[in-house]
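Please open the model in a viewer and keep the selection panel at hand.

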Amino acid sequence: MLQTVWVSSPGSQNLRESEHHPKSKKKSWKCRFVRTIIQHPCRRHAPKRPRKARMLRKIQICLCFCFVSGILYEISLLSSCVFNYLPMSQHYLTPEQVLNLGKSIIFLETTERLEPPPLVSCSVESAARIYQDRPIILFMKGLTNETALDLNTSYAAFSLLSSMKNVFIFPLQMETIFQETPLLQWYNQVVPEQEKNWVHISSDASRLALIWKYGGIYMDTDVISIRPIPQESFLAAQKSRFSSNGIFGFPARHKFIWDCMENFVLKYNGNIWGNQGPFLMTRMLKTLCNLTDFEGTEDHSCQNISFLNPQRFYPIPYPAWGRYYQVWDKSPNFSHSYALHLWNFMNHNRKVVVAGSNTLAEKLYKAYCPTTYQDLIQNGKQEHFPGLEDAV
């Protein structure tokens, strides 16, 4: 067909002869139709040669679309597989495999306890609900690769957290974490038994190494997430001109975190509480920025690092921490906050969430970690704090 229809003017003699042939009536309209398409595909387009190029380009775009669609489909299968994975199953993924998925939310338990109390469970659950497309990882020092934990375990919190498709629980292996960082030499020399603040210090070091290697967000286990944090590189102001290290986030291999690890070792003093924690973050931030007081709810920015307003995580400051366990006439909506730090370190009187008490903490449990709250009610549990392991 294409051989009989050649590009010519509309008055082509050859095509007119075929139109008058008695046996080619049906054929002639087809020829005219094909000729019209070939000659005048679109008034805006150039003739034949550019059309071939356009066709090739369309084919390339279609092939690229199919290729990308295939990759996205494979990724979706991987994500589904990963997030439905039970952390302590026999064929579990390694921490590196999960961390390499990117943008993890990391929690640490640096005591030996194996049963996460309700506040820890609430913190992990709330993060899993707010960041449903990100891995939520709880590292536990008391856990080992040989520890047999499954859905039938006597530790109820593992069953609760394992039911969440994006939650993973792994052993905290510090020597492995500190590899290829300035902290390894320090770790090999320090004597934990002689360190009075070792639970805090080891946590301060581990969070730096993990965020530097893999990126993501670190959160203390007494932080309840209420909405996503939009910034990628940020520190949380506990108050004006003073940074917390209870929550922070950076992409992998960020220079600021590397500098913090170097300063951790250079200025190490285990006898001063917080010297390797919030004081470290504050003094390192001051080397980059001229810190000023916050006005209103604005954030500060310096060297592409966001220094977030105290309202983002600390709307209730630590001197007033007990207000979380009080009944409010009108509960705050925390409209300027991304998460709430409940100051467990300050909880010397072991205040707990009591069902039906109508305290602010109970309302937060109901809203942001309802599964933990239901478990608390059904099992008649009371929160138990065997140690003051959560940093301010």
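Over the ring of which residue does the charged end of Arg 323 sit? Select Arg 323 and Trp 328: the charged end of Arg 323 lies over the ring of Trp 328, 4.0 Å from its centre. A charge is counted as over a ring if NZ of Lys or CZ of Arg is within 6 Å of the ring centre and within 35 degrees of the ring normal.

The model is predicted, so local features need pLDDT of at least 70 and side-chain atom pairs count only at pLDDT 80 or more, whereas totals for chains, interfaces and linings use all residues. Residues are numbered from 1 along each chain as its sequence is written, and side-chain values use heavy atoms, with hydrogens and water left out.

Next, select Lys 239 and Phe 242. Lys 239 is placed over the face of Phe 242, at 5.7 Å from the ring centre.

**The sheet**

Switch to a cartoon view. Helices (H or I, at least four residues) and strands (E, at least two) are DSSP runs, numbered from the N terminus. Eight strands form an open sheet with mixed pairing, in the order β3-β2-β1-β4-β7-β6-β9-β8. The edges are β3 (167-171) and β8 (300-302); each has a single partner strand, so one side of each is left without a neighbour in the sheet. On average, neighbouring strands of this sheet are turned by 25° against each other, direction ignored. Two strands pair if DSSP finds at least two bridges between them.

Select β1. Five of its five residues are buried, where buried means under 20% relative accessible area, exposed over 50% and partly exposed in between (1.4 Å probe, protein chains only). Ile 105, Phe 107 and Glu 109 point one way from β1, while Ile 106 and Leu 108 point the other way.

Five bridges connect β1 to β2 in parallel, with Ile 105 opposite Ile 136 in β2. β1 also pairs in the parallel sense with strand β4 (residues 216-219) over two bridges, and Ile 106 stands opposite Tyr 218 in β4.

Continue to strand β2 (residues 136-140), which runs parallel to β3 and is joined to β3 by five bridges. Here Phe 139 has Phe 170 in β3 as its bridge partner.

Display helix α5 (residues 118-130), which lies across β1 (105-109), β2 and β3 and runs at about 170° to β1. Axes are lines fitted to C-alpha atoms, for helices over the stretch in contact, and angles run from 0 to 180 degrees between N-to-C directions.

**Aromatic rings**

The whole structure contains 20 aromatic pairs. Rings of Phe, Tyr and Trp (its six-membered ring) pair if their centres lie within 6.5 Å; planes under 30 degrees apart count as stacked, over 60 as edge-to-face and the rest as tilted. Select Phe 168 and Phe 170: this pair is stacked, at 6.3 Å centre to centre and 10° between the planes. Phe 168 is buried at 0% relative accessible area, and Phe 170 is likewise buried at 0%.

Move to Phe 178 and Trp 186, whose ring centres are 6.1 Å apart with planes at 70°, so the pair is edge-to-face. Both residues are buried.

**A buried serine**

Finally, select Ser 206 in helix α9 (residues 198-214). Ser 206 counts as buried because its relative accessibility is 0%. Leaving aside residues up to four places away in sequence, Ser 206 touches Leu 108, Leu 172, Met 174, Ile 177 and Phe 178, contact meaning heavy atoms within 4.5 Å.
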